[in-house]
Number of protein chains: 2
Amino acid sequence: MSGTRGKGERRRIKMLVAYDGTDYHGFQVQPGMRTVQAVLEEALGRLAGHPVQVTPAGRTDAGVHAGGQVVHWDLYGSIPVDRLVTALRGLLPQDLVVYRAEETHPDFHARYDAVSKIYRYSILTGPHGWPFIARYVLHHPHPLDVQAIKWAGRLLQGRRDFASFQAAGAATKTTVRNLMRVDVDEQVMAWGRMLHITFEADGFLYHMVRNMVGTLLEIGRGYRGLGWLEEVLNARDRRAAGPTAPAQGLSLVEVKYGR
Amino acid sequence: MSGTRGKGERRRIKMLVAYDGTDYHGFQVQPGMRTVQAVLEEALGRLAGHPVQVTPAGRTDAGVHAGGQVVHWDLYGSIPVDRLVTALRGLLPQDLVVYRAEETHPDFHARYDAVSKIYRYSILTGPHGWPFIARYVLHHPHPLDVQAIKWAGRLLQGRRDFASFQAAGAATKTTVRNLMRVDVDEQVMAWGRMLHITFEADGFLYHMVRNMVGTLLEIGRGYRGLGWLEEVLNARDRRAAGPTAPAQGLSLVEVKYGR
């Protein structure tokens, strides 16, 4: 901490945030709703002694979790940044944790500066659920064709028009995104098989991951083949793809920044 | 299924049950409260078509979890037992799962026939909590002396009088129990250090695990030494031991039966 800093100097803070999204109506502030942004801004405001507005890398939907959300905000005053994590512990509920905080360059922007984001969707297959992960997975009671899901995931990769996977009614300048990676990983646990599907892209359209997962599940169930996936991509129409997978299996796991 | 079985024949069912105890007022039925027993009996009653009473191996307290609770109950009628797990899936909330069900010998008793029970207490140490396990651990922000906890755990082992670890006011014929095993295991995770303390005994007094953990934490924090633990054991007085550790870190992980 520089001793010459005045009370009024602006410091831009970058923080890593994890939350269980089950009991939040998404990230973004909505009047009368418990949102991640509202709970975070209230705690930060109490610490900072001034109103705070946080900007996230990704505005996660209701019920979506984050293990590696990044936010930025501006701190005025002399609070030591290296004590933020400890000080916030007592001000935040146990389902929302700030696990790193640092001062960054004054024009850092959590969303615009992100090079890529990584989302993971987790599916438990087996005859029964498991209570300790139930909030973080989609339980699918029947076996899935994991190899078909892997092939389909590969077909989705690349810079392409993902219009078919954008929520109906969403408005964006372009529906072209670079989907750099779709990894499909299966783990056999004592209580069932866990399927983790990891997506990395330079940006995601609204509901894009959940719509891709809903589409991959149609293929994993054997209802549809890989040829259908090509049709879905080419249609550039939300109605061509599978249903939207539930929010609870989805988590924002990492945001990557350039140098 | 035997075709000769009549509608009225009694079958004793043994089930393995897992639950997140956070939103339950313990196992045992209490009027007006959401308890594991009440939720389970209601679902089983709907399936069986007659009132059901379940008997557990261990009556876990409010907020205590189970990965391997065992219960028995009597089923009258012709429902195939091998479909119970699947049928119960749709009748139970996601924080309560029956993951095995079988017909057992008619006089099997979940509690009296148990040879030993295994409880595990989990502690997360580090500057911040972690939302996805927050319901299942005690978060202790400061480092613990794990080696001292291991030594203390060894001192607790054996057949001895655990009166100092029984909740004040509890009445039992004897406070002697055989504590066969206290294992202390530390895992380093990306989000902190996890300490799992596993206790196996032929039986546990009321609050015995949580009172032992509270006492081990006094030693792990460096507030007390191993000599104090000897004094605690010899005192046979609840006031001599450490405080009761919170319920949320505790889980009944396994119940063992003889041949």
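Start by selecting Val98(A), Val209(A), Val98(B) and Val209(B): within the largest nonpolar core, which has 136 residues, these four touch the most other members. The model on screen is a predicted one. In soluble globular proteins, nonpolar side chains tend to be buried together.

Stay on Val98(B) and show what surrounds it. Setting aside neighbours within four places in sequence, Val98(B) is in contact with Met15(B), Val17(B), Leu84(B), Val85(B), Leu88(B) and Leu92(B).

Next, show both chains. Here 21 residues of chain B are in contact with 21 residues of chain A. On the chain B side, strand S1 (10–19), helix H2 (84–89) and strand S4 (96–104) each supply at least two of the touching residues. By class, that side of chain B has 14 nonpolar, 4 polar and 3 charged residues.

Now hide chain B and colour chain A by domain. Domain 1 covers 10–104 and domain 2 covers 115–257 in the domain assignment. Taken over C-alpha atoms, the centres of these two domains of chain A are 27 Å apart. Between them, 15 residues of domain 1 are in contact with 11 residues of domain 2. The domain 1 side of this contact divides into 5 nonpolar, 8 polar and 2 charged residues.

Finish at helix H5 of chain A, residues 226–235. Select Leu229(A), Val232(A) and Leu233(A), which are buried. These residues lie on the same side of H5(A) because they cover an arc of only 95 degrees around the axis. On the other side of H5(A), Gly227(A), Glu230(A) and Asn234(A) are exposed. What covers the buried residues of H5(A)? The cover includes helix H3 (146–156), strand S7 (158–161) and helix H4 (208–220) of chain A. Just after H5(A), look at Arg236(A), which takes a positive phi of about 50 degrees.

Terms used: Residues numbered from 1 in each chain as written. Chains lettered and ligands numbered in written order. Predicted model: local features only at pLDDT ≥ 70, side-chain atom pairs only at ≥ 80, totals over all residues. Contact = placed C-beta atoms within 7 Å. Helix = DSSP H or I, 4+ residues; strand = E, 2+ residues; numbered from the N terminus. Nonpolar A, V, L, I, M, F, W, Y, C, P; charged D, E, K, R; others polar. Domains from an automatic or database assignment. Core = buried A, V, L, I, M, F, W, Y, C linked by C-beta atoms within 7 Å. Buried ≥ 20, exposed ≤ 12 C-beta atoms within 10 Å, placed from the backbone. Arc of directions from axis to C-beta.
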